[in-house]
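Let's take a walk through this one together. Have a look at the fold before reading on.

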Amino acid sequence: MKLAILDRDGVINHDSDAFIKSPDEWVALPGSLEAIARLSRAGWRVVIASNQSGIARGLFSMETLNAIHAKLRKELAQAGGSIDAIFTCPHGPGDDCSCRKPRAGMLLDIGRRYDIDLQNVPAVGDSLRDLQAASEAGCAPWLVMTGNGQKTWDKGDLPAGTQVGESLAAIVDVWLQEA
Ligand SMILES: [Mg+2]
Ligand SMILES: [Zn+2]
């Protein structure tokens, strides 16, 4: 089984410093849904692992988060793709949970759910904490230059072995060439 783990904001959709708080604010990045659809057609399973501290901050409810994900899934289906599962951390930075990236909890949960060795599983993110969680979980970290990606790249100090792509579409190109 081929599995890919994706961060959501800044990887699949435009991010906002003010959080994505409603379905209207969720807008796909150019080419991202088509890229996921190409993975789906090639038999990959695609899972999202996303920090959503806006829940803990009281900015939106779990119901709204579900509505945002319903929009994501609908637009993705129209592009011919699907997401197998969406894992989210609803906690805040002060909650000391094990799921909020840079901790590896969500990714380890995904590994258990699919009963898969994470070593060859790529995990894409635009922020350092995504790459740190990926590295900690034993995944292959991929930095995408969309969202916070350029800032993350400029700051440097990326986990060993981090690979880089301009966009999710460019990264998927590499994966499908390797496969
Ligand atoms: Mg992000
Ligand atoms: Zn958490």
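Here is a tour from the overall fold to the metal site.

A quick note before we start: this is a predicted model, where local features need pLDDT of at least 70, side-chain atom pairs count only at pLDDT 80 or more, and totals for chains, interfaces and linings use all residues. Residues are numbered from 1 along each chain as its sequence is written, chains are lettered from A and ligands numbered from 1 in the order in which they are written, and side-chain values use heavy atoms, leaving out hydrogens and water.

The C-alpha atoms fill a box of roughly 45 × 35 × 35 Å along the principal axes. Of the 179 residues, 47% are buried (under 20% relative accessible area, with a 1.4 Å probe and protein chains only).

Now for the metal. Which residues hold the magnesium ion (ligand 1)? Asp7 (OD), Asp9 (O) and Asp126 (OD) coordinate the ion, at 2.1 to 2.2 Å (donors are N, O and S atoms within 2.8 Å of the metal, or 3.2 Å for Na, K and Ca; water is not among the atoms, so sites may look incomplete). Asp9 sits in the loop between strand E1 (3-6) and helix H1 (32-41), while Asp126 is in the loop between strand E4 (122-125) and helix H4 (128-137), 117 residues apart. Asp9 is buried, at 12% relative accessible area, and Asp126 is buried too, at 1%.

How values were computed
Buried < 20%, exposed > 50% of the residue type's maximum accessible area, 1.4 Å probe, protein only. Helix = DSSP H or I, 4+ residues; strand = E, 2+ residues; numbered from the N terminus.
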